Structures are given as C-alpha cells and as structure tokens.
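Take a look at the chain below before reading on.

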Amino acid sequence: MRKFHKNTGQRLVPAPVFLPPDKQAYRLHYQGSLQYAEGKYRQASGNFERAYHLFPENFSFALAHGLCLGRLGDASEAKKVLEKARQLVTPNDQERQQKLAMATFFLGMSFSYADRYSEALPLLRDAVAMQQKIPQKSLLSVYYNALGKAILLNQGRNAHRRNYQPLHYHVHRRDMEKAFVAFEAAVKADPENVVALHNYLQLADTLKVSSILPEADTNQVQRREYKPTFLNMHKTIISDLKLNNYDELVFLLDISGSMVMEKVVCYGADRFTAMKDLCLKILPEIDTSIELGIGTIGGVCDSPPDLWFASGGINRVDLRSKLRFLIPDGTTPLLTMLLRCPELFSNDPTRSKSIFLISDGANTCREGGMDICEWASELASKGIAVNVLTFLSTTSDNTDAFAEYLCLAENTKANIIYLDNYRCRLEPFAFDMVKTCQSKIPAMERSRCLGPSVKELWNVWVAE
C-alpha cells in the first residue's frame with residue numbers, strides 16, 4: 001500500500017534498505033573455491049550453485065558458478081550465468097573493467113573446456129585486449145596462456161586415429177607459430193608463470209626456434225618461485241591493497257594470543273612479530289597526505305582496546321613508537337572493534353576511507369546477535385572499505401575466518417591478500433580461480449599420417 005505525507009500529501013518513498021549479506025553464502029563460496037582448486041568440480045558446483053541462489057546479485061558468486069558449469073562441460077548454461085554476471089557490473093563500479101575482463105575470460109574458458117575452441121577464441125582475445133589496459137600482469141599472463149592453448153587445439157574437425165595411433169589432432173606449423181606468440185606474450189607478462197613457460201619452451205623445442213626471452217630458464221623461474229620475498233612484502237601489500245589511494249587509513253591490528261602461536265617460516269618469527277615489522281615498513285611508504293589512525297583487536301569482548309586513535313589523531317613518530325611496544329593480549333573480538341571503527345573516521349563523505357585489517361582468526365564475540373556480514377553493509381554505507389591481510393592459509397579449517405573476510409572486503413569494495421607460509425609469498429585471494437585455468441599443452445610429434453609429401457604437420461595427442 002502506498003503511503004502519503006499527512007500534511008503535504010506527497011507520496012512517501014521508503015529509505016533504501018541495505019540487505020545484510022548471508023555469511024552462509026560466503027561459507028559455501030569459500031568451500032566451493034577450495035574444492036574447485038582440488039579438482040572436485042561436482043562438489044564445488046553444488047556449493048557454488050547454492051551460494052549463487054542465495055545471492056544471485058553477487059558478481060563473485062555468479063562468476064564462480066559460471067566457470068564451474070563450464071568446467072563440467074555445460075558451456076551453454078555457463079554462458080547464461082556469466083552473461084548475467086556481466087550485467088551485475090554497474091557503470092560506476094571502480095573495478096568495472098577488471099570484472100568485465102574476468103567474466104569474458106571465464107566464458108572463453110567455458111567453451112574451451114567443452115572443446116568448442118572456435119567459440120572460445122574470440123572471447124579469449126577480447127579478454128586479453130581488455131586486460132592489457134589494466135595493471136594486473138599476472139592475470140594477463142594467464143589469459144595469454146589460455147589463448148595459446150586454444151589456438152593450438154582449435155583442430156577438432158580433423159581428430160582421428162590412424163595406423164593404430166590413439167586419437168590425435170593434426171596441427172599445422174602456422175597455428176603452432178600463432179600459439180607460440182601467445183605463450184611468449186604470457187611469459188613476458190609474468191616471467192614467473194611456470195605453466196606458460198613450459199608451453200613456450202615446448203613449442204620452441206618442437207618448432208626448433210631459439211628462445212629470445214632471458215627469463216626462459218626453468219631453473220631460474222623455480223628459484224624465483226621459492227625465494228623468500230618478505231623483504232619487499234610491505235610494497236606488495238601497499239600496491240595490492242591500494243593503501244595510498246585513500247584520504248584516511250586506520251590500521252586495525254589483531255593482537256590476540258594466537259598471533260604468537262604460529263610462525264611465519266621465512267621470517268623466522270611468529271605472526272605477531274611479522275605483523276609489527278610489516279607495519280613499521282609500511283608506514284614510511286604511505287603518502288604523507290593520508291591521515292592515519294590505529295586500533296587493536298584483543299582482550300575479551302567487553303574490554304577496551306589497547307590502542308585507539310582516530311585518523312589524523314596521532315602523528316607518525318608516535319604511531320611508530322606505539323607499534324614497537326605492542327604486546328599480545330587475549331582473543332579476537334573482531335566484530336566488537338568493527339562496530340566502533342566508524343568513530344575513527346571523519347564524517348566528511350567526500351573523503352575516501354579504509355580500514356587495514358591484519359588478522360589470523362575469525363570473530364569470537366557476538367554483539368546483540370549481529371553478524372559481521374551484516375555490519376559489512378553498514379560500513380559500506382558509511383564509505384569505509386575494509387582491506388584485509390591475513391596470515392591464515394586457504395584451508396577448510398579456516399572457512400569461518402575467510403567467510404568473514406570475504407564479506408568485509410567484497411561488500412566494502414576492498415581486497416584480501418593472504419600470506420602463503422610455505423613459499424613466503426603474498427597471494428590475492430580473489431584471483432585463485434583464475435589460476436586454476438592454467439594448463440599445459442599436450443605432447444606433440446611430427447605427423448606421418450598423410451605421407452611424406454605433406455610437410456609442417458604435427459600430431460597433438462588428446463585424451464578420449
């Protein structure tokens with residue numbers, strides 16, 4: 001029923017309601033991501049589908065559901081879901097170009113998984129063209145690698161058996177050279193892309209051409225892959241989380257007891273020490289025009305925080321001193337502190353604001369029955385982003401924590417990075433599913449099926 005103002009007679013328009021995201025949907029999405037990475041596509045599909053149906057307006061859920069459908073061979077249904085995902089990207093979304101590029105890439109991969117390479121190729125080329133305009137070279141490398149493989153395997157019409165040979169394609173040298181160019185571009189975009197490098201070197205050997213890339217050394221890449229990178233981690237954090245893009249930035253640090261119970265292997269120290277060291281290295285790299293603040297997460301649910309300074313309320317010398325003398329304390333009342341965080345920022349709606357959360361656990365306190373995912377929408381309405389650095393590994397044991405981080409980061413248009421403790425590398429959580437699209441090209445040998453008069457033809461062995 002329509003309602004009208006009793007004095008003016010004008011129709012009353014209800015205020016917009018921020019629908020709280022459902023933590024269960026994020027749990028399902030996270031569990032599906034783990035299963036997908038393990039190759040358990042059927043199980044992953046069930047979780048992705050349930051998360052998507054709980055929130056069909058969530059771009060990430062639609063993206064994952066669509067890719068998984070494609071991985072299972074249902075390219076037509078994947079196309080429907082991924083086209084809906086593209087429609088979810090609003091014109092004013094700051095990540096619009098990246099999201100559109102990723103949705104286009106996943107659609108191309110869906111057709112590739114269904115061996116419909118002729119349909120995959122234009123989509124993969126479009127994704128490459130879109131990604132070239134975005135400073136995320138590791139993704140561009142993955143896209144180029146997928147393009148190269150699709151060019152190579154776009155030979156479905158000539159698959160056959162001959163002379164007791166298993167099923168194979170015939171590939172002409174000209175297609176191999178086109179694929180080689182794509183693999184070369186993949187390695188140039190990201191010299192540490194081991195899969196792309198393998199494909200590049202395999203084709204270089206098959207075509208008997210010399211590598212022109214100084215990076216094309218498998219042992220060298222392997223050394224870079226596992227070389228500790230903690231000396232420059234602070235710069236990666238600032239770059240990946242875009243910490244210099246805000247007017248106000250508040251460090252929200254987990255000082256709970258669990259932070260001293262686990263070690264960061266390459267640091268040779270516990271998480272608490274690593275966190276303090278990273279923060280001390282980050283501080284000088286933050287633009288001096290940005291107003292800084294700090295808060296801590298520790299103690300118990302109703303205890304005051306050890307540190308609580310609003311943005312602009314503490315100078316950098318004092319902030320550095322406070323960081324040095326931090327000590328571990330209690331549990332992880334994350335929600336309790338998040339509920340108070342808006343008071344650490346100005347009320348100026350024109351200023352961009354971010355919480356930089358560093359943590360290694362899920363929330364331990366409930367506040368009036370409220371959930372972190374509900375409060376994420378409130379923070380978004382106040383223009384506060386929540387960028388997350390976590391020391392937790394991406395395992396099923398950490399489902400609750402990652403579900404909360406996903407709620408916070410995604411609904412406030414921010415990002416999550418986690419520290420891979422075994423390789424001592426920072427990884428952006430949002431791009432893990434893109435990395436699963438990497439694959440090596442199959443074995444090849446020069447073809448003799450059509451006789452010695454037909455030259456420059458190779459057999460590509462394919463699984464039946």
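## Cysteines, a histidine and the sheet

Cys-279 counts as buried, because its relative accessibility is 0% and the limit for that class is under 20%. Cys-437 is buried too, with a relative accessible area of 3%. Bear in mind that the model is predicted.

**Disulfides.** The count comes to 2 disulfides. Each is a covalent bond between the sulfur atoms of two cysteines. The table lists the pairs.

| Pair | S to S distance | Handedness |
|---|---|---|
| Cys-301 and Cys-365 | 1.7 Å | left-handed |
| Cys-373 and Cys-407 | 1.9 Å | right-handed |

Take Cys-301 and Cys-365. The torsion about their S-S bond is about -90 degrees, so the link is left-handed. Both ends sit in loops: Cys-301 between strand 5 (291–297) and strand 6 (308–309), Cys-365 between strand 7 (353–359) and helix 15 (372–381). The bond therefore ties together parts that are 64 residues apart in sequence. Cys-301 has 33% relative accessibility and counts as partly exposed. Cys-365 has 1% and counts as buried.

Now Cys-373 and Cys-407. The angle about their S-S bond is 65 degrees, and the link is right-handed. Cys-373 lies in helix 15 and Cys-407 in helix 16 (residues 399–411), so this pair ties together parts 34 residues apart in sequence. Both cysteines are buried.

**The histidine.** His-29 belongs to helix 1 (residues 23–37). Its relative accessible area is 8%, so His-29 is buried. Which residues does His-29 touch, not counting those up to four places away in sequence? They are Phe-48, Ala-51, Ser-60, Phe-61, Ala-64 and Leu-406.

Strand 2 (residues 248–254) runs parallel to strand 5, and the two share 7 bridges. Within that pairing, Val-250 has Gly-293 of strand 5 as its bridge partner.

Conventions: Residues are numbered from 1 along each chain as its sequence is written. This is a predicted model: local features need pLDDT of at least 70, side-chain atom pairs count only at pLDDT 80 or more; totals for chains, interfaces and linings use all residues. Side-chain values use heavy atoms; hydrogens and water are left out. A disulfide is a pair of cysteine sulfur atoms within 2.5 Å. Helices (H or I, at least four residues) and strands (E, at least two) are DSSP runs, numbered from the N terminus. Buried means under 20% relative accessible area, exposed over 50%, partly exposed in between (1.4 Å probe, protein chains only). Contact means heavy atoms within 4.5 Å. Two strands pair if DSSP finds at least two bridges between them.
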